[in-house]
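Here is a short report on one protein model. Keep the sequence and the 3D view open while reading.

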Amino acid sequence: MILEERPDGAGAGEESPRLQGCDSLMQMQCSQLQSRRARIHQQIDKELQMRTGAENLYRATSNNRVRETVALELSYVNSNLQLLKEELEELSGGVDPGQHGSEAVTVPMIPLGLKETKELDWSTPLKELISVHFGEDGTSYEAEIRELEALRQAMRTPSRNEAGLELLTAYYNQLCFLDARFLTPARSLGLFFHWYDSLTGVPAQQRALAFEKGSVLFNIGALHTQIGACQNRSCAEGAHRAVEAFQRAAGTFSLLRENFSHAPSPDMSPASLCALEQLMMAQAQECVFEGLSPPASMAPQDCLAQLRLAQEAAQVAAEYRLVHQTMAQPPVHDYMPVSWTALVHVKAEYFRSLAHYHVAMALCDGSPATEGELPTHEQVFLQPPTSCKPQGPVLPQELEERRQLGKAHLKRAILGQEEALRLHALCRVLREVDLLRAVVAQTLQRSLAKYAELDREDDFCETAEAPDIQPKTHQKPEARTPRLSQGKGPDIFHRLGPLSVFSAKNRWRLVGPIHLTRGEGGFGLTLRGDSPVLIAAVIPGSQAAAAGLKEGDYIVSVNGQPCRWWRHAEVVAELKAAGEAGASLQVVSVLPSSRLPTLGDRRPALLGPRGLLSSQREHGCKTPASTWASPRPLLSWSRKAQQGKPGGCSQPRAPVKPALPSSSKCPGWL
């Protein structure tokens, strides 16, 4: 109600009590909201305590039967935690489940819960590695280490939007930089990465940084599923955003399945990732159908539009049938939530019945159309094996024939919707999802009402058998790779120098400071390249040769100024400005590596270049084929994805000097 201002001020006395009443109502609603948040936090704390106790028992016991029982309990605890966190997220975001400001009711989707992890201390191993291998004071990099730890802490609880995706991808990109700079096939950081399985809640730990990268990539896909599930799919724009999110999720799981192997947790096994990829594609196909469906109160009278909707619904049903077959088979059946399998089965029956409903609407309520506009029988319906002769138009021309065939399709629609309600009632978890039952029940009521409208008391003709509908879609969703470059930022440890030289895969020796003076012919050296600048040649007998500079050295300091990231022109200008007094240089000489170094080796050491993964090329960093210390890891980069590629895994070989960029400059002798 809008308060109107009266000229005589008579309304002024009435406005205050009304506003006070509104304030009291808002205070009461805020109090109720805070109470619900407090209750959810208490339940989360209780579940976390139960999980900690179950986890300790799981690690302590060696009895297989006890471990199976504890693993089952952990799966229940993990499911409860995911539900509670989703409810808390909805309260914090002011979202009421199932309501998006529209009267249209949509079928609920299946979002994945994020993998959870424990806190991690990067400080000790990184400081030791910086001191041992890079020859610098590890304590001077405490700011960078704190930034890395803060980023990891923040990505544990990302928001359910694009900002959360950017946070996860930013941390993933930093892991790629860490992999390229600090790790070799024979060296790990010595850290245990703890992650909980998203499906079962069972803890897993591993020293390999690949496990950390794979878990973060899994969470990127899971967050895409949550973003897609919370969209308002009752409008075309929301349905399109949901399709995009589920396609990104499918692409993320596909990327994870192709590039990681020997996962220590069931949710990252190839069978699980394949099932999740199929599930996301089916949900994307469902969103495509929802983007085409008109509101229930505005059923279209165009028979062609109804037939297209019928085939779209049949396509969704076919996708969910394939997903249900995958989920029902071992080993996926052993750790996939039962409620997910039941929901997929319900959706398969529901959308198959919905296809028959739309065909019935086309037969009974569709506006007349010319015969040339209608598709043929083979284009809409699946032919039985005994049928070999071509059929005519899909819709009969006689009204009575259309009514009889419409009744047959409505009968199959009603039977399918009743079967969906029966399957819904069999699952205890689904029985609590009132929204799903409301959607199916609402469609069943429409089908029954239409069937009663078509039924006649003097109709003694036996209803014909309605044929199955041919699945067809105008938009087939495809898996799309995640946008891993959207959270790309600078390397946190860029002060150590360019990765082409200053990484754990190379060995080098720091030389200097060297005092270089100018002779009659200049300094007697040639510089080339950028970041860092390379000494391409040294004239024998020149000032540079007398100072001990050699071809292939990299200049890292000029007159006390670090220049690892300087461009060619900047180094040349600094040397030319030195005058007769000369310049003080520090250089590094890349050395061959005769053996794989360890953290106990006090000499700087690095290996030669290894292969590149396609998923890392966009980050401009090199990733070794493996990042573990044990001979047979549990999780590794897949070698199959690298076969036949220039960046594939190869045998260790003696390092070569990094290739010079094609745009490197050679200004002549200095």
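## The strand pair

Two strands count as paired if DSSP finds at least two bridges between them. This model is predicted. In it, strand β1 covers residues 193-196 and is joined to strand β2, residues 203-206, by 4 bridges. The two strands run antiparallel. Phe193 of β1 stands opposite Gln206 in β2.

β1 and β2 form a hairpin, with 6 residues between them. Gly201 sits in that turn and has a positive phi of about 80°.

Which way do the side chains of β1 point? Phe193 and Trp195 point one way, while His194 and Tyr196 point the other way. On both sides these residues are buried.

## Packing of two helices

Two packed helices are described by the angle between their axes and the distance between the axes. Helix α11 spans residues 338-364 and packs against α13 at an angle of about 160°. Their axes are 8 Å apart. Angles over 145 degrees count as roughly antiparallel, so α11 and α13 are roughly antiparallel to each other. Their crossing is left-handed. By class, the contact of α11 with α13 has 13 nonpolar, 8 polar and 4 charged residues.

## His409 in α13

Helix α13 runs over residues 399-426 and contains His409. Is His409 buried or exposed? Buried means under 20% relative accessible area. His409 has 0% relative accessibility, so it counts as buried.

His409 and Tyr451 are 42 residues apart in sequence. In space, their C-alpha atoms are 9.7 Å apart.

Notes: Residues numbered from 1 in each chain as written. Predicted model: local features only at pLDDT ≥ 70, side-chain atom pairs only at ≥ 80, totals over all residues. Heavy atoms only, no water. Buried < 20%, exposed > 50% of the residue type's maximum accessible area, 1.4 Å probe, protein only. Axes fitted to C-alpha atoms, helices over the stretch in contact; angles between N-to-C directions. Parallel < 35°, antiparallel > 145°, perpendicular 65-115°, else oblique. Left-handed = near helix turned anticlockwise from the far one by under 90°. Nonpolar A, V, L, I, M, F, W, Y, C, P; charged D, E, K, R; others polar.
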